[in-house]
Amino acid sequence: MTTTRTTRRATTTTTTLRTLRTDQDCLAETLKFNEDFAAAAPAAPRTDLDADALARLRRNRLGGDTPPVRLPQGRDRIVAGGVPVRVFVPECVEGVYLHLHGGGWAFGSADGQDERLWRLARAARLAVVSVDYRLAPEHPFPAGPDDCAAAARWLVRHAAAEFGTERLLIGGESAGAHLSVLTLLRLRDEDGITGAFRAANLLFGAYDLSMTPSQRRFGVRRLLTDTESLRAAYERLIPGTGEERRRSPGISPLYADLSGLPPVRLVVGTEDPLLDDSLFLAARWQAPVELGVVAGAMHGFTLFPLTITEREQRRQEEYLAAAGR
């Protein structure tokens, strides 16, 4: 089902919101995977990650028990005041994608999905720059956002010389989607930079760290994350802060002035506690929005070998290949 809606705001800004409800035809497969995943999960998700648990999650794939594959096509660099990045450059480069990985702001890494990023680089003809930002709890807010903003500023200044193009795109998954929006806002508000990044690609992000209704009501369903796991992740990132502080636009971009930002593609599953975050952000975004709602998908579904994962990879590649031209 596809709908297109144009909304007139009080500021006279016109926003187009295109909602795509996808993958109903493979709902049975997706829900069966969810059921099996929940049955195999611990009875209570861990919210008090100790040093050993953090080390394991940082070493291994977020969705498995073995370290990720590091491809020789990936190149590790240090940019912009010491921020490490991992760079993939295909033979033909028509733009640059600044990628911010997920992992609850506490785990994940720039080399955690080399195979997927290298495929994206070739299919979309993009140099991919993935940021190895500092992680909580050792480095709480705003350390991670500082690193992401520094890498973005470096790209704005040096993309043409480094990659032969000024067509910049940004995006990420989960925590990385949150960090992508914060990065765009910080470039606008702190540097006066708008228009440098021509599109954003945001997968199942958290945009209200004081918790949207879907986050609060999700409960203890064991689908990668749940209500208490989210609360614990926020406490690791911004310890000792109350709900009102967490609604600060610099922490929860759902409450920010969203003018001057580029067109965006938002993706979320119907079985994700962060569903409302994408729905609400799409309603407030002031540039063109493509909102994809994936039938039956849980949080982080792209980590797993599902039909919807392959489809999402292709949709993402097509969007980023065409965006911002």
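Student: What does Arg-247 count as at 26% relative accessibility?
Tutor: Good place to begin, and note that this is a predicted model, where local features need pLDDT of at least 70 and side-chain atom pairs count only at pLDDT 80 or more, while totals for chains, interfaces and linings use all residues. Residues are numbered from 1 along each chain as its sequence is written, and side-chain values use heavy atoms, leaving out hydrogens and water. Buried means under 20% relative accessible area, exposed over 50%, and partly exposed in between (1.4 Å probe, protein chains only). With its 26%, Arg-247 therefore counts as partly exposed.

Student: Which residue forms a salt bridge with Arg-247?
Tutor: A salt bridge here is a side-chain nitrogen of Lys or Arg within 4 Å of a carboxyl oxygen of Asp or Glu. The closest N and O atoms are 3.2 Å apart, and the partner of Arg-247 is Glu-244.

Student: Which residues do salt bridges that share partners join into one network?
Tutor: The structure holds 30 salt bridges. Those that share partners give one network, made up of Arg-18, Asp-23, Asp-25, Arg-265, Glu-290, Arg-311, Glu-312 and Arg-315.

Student: How many residues apart are Asp-191 and Arg-153?
Tutor: Their side chains meet in a salt bridge, 2.7 Å from N to O. Asp-191 counts as partly exposed because its relative accessibility is 33%, whereas Arg-153, at 16%, counts as buried. Helices (H or I, at least four residues) and strands (E, at least two) are DSSP runs, numbered from the N terminus. Asp-191 belongs to helix α5 (residues 175-191) and Arg-153 to helix α4 (residues 143-163), so this pair links distant parts of the chain, at a separation of 38 residues.

Student: In which strand does Glu-271 lie?
Tutor: Glu-271 meets Arg-221 in a salt bridge, 2.5 Å from N to O. Arg-221 lies in the loop between α6 (213-217) and α7 (227-237), so the pair ties together parts that are 50 residues apart in sequence, and the strand that holds Glu-271 is β9 (residues 264-271).

Student: What is the angle between the ring planes of Phe-37 and Phe-304?
Tutor: The structure holds 6 aromatic pairs. Rings of Phe, Tyr and Trp (its six-membered ring) pair if their centres lie within 6.5 Å, and planes under 30 degrees apart count as stacked, over 60 as edge-to-face and the rest as tilted. For Phe-37 and Phe-304 the centres are 5.4 Å apart and the pair is edge-to-face, because the planes stand at 65 degrees.

Student: Where does Phe-304 lie?
Tutor: Phe-304 is buried, with a relative accessible area of 6%, whereas Phe-37 is partly exposed at 22%. Phe-37 sits in helix α1 (residues 27-40), so the pair ties together parts 267 residues apart in sequence; Phe-304 lies in the loop between β10 (289-298) and α10 (307-322).

Student: Are Phe-88 and Trp-118 stacked, edge-to-face or tilted, and what sets the class of the pair?
Tutor: Phe-88 and Trp-118 are both buried. Their ring centres lie 6.4 Å apart with the planes at 35 degrees, so the pair is tilted.

Student: Which residue stands opposite Asp-76?
Tutor: Two strands pair if DSSP finds at least two bridges between them. Here 5 bridges join β3 (residues 75-79) to β4, and the two run antiparallel. In β4, opposite Asp-76, stands Arg-86.
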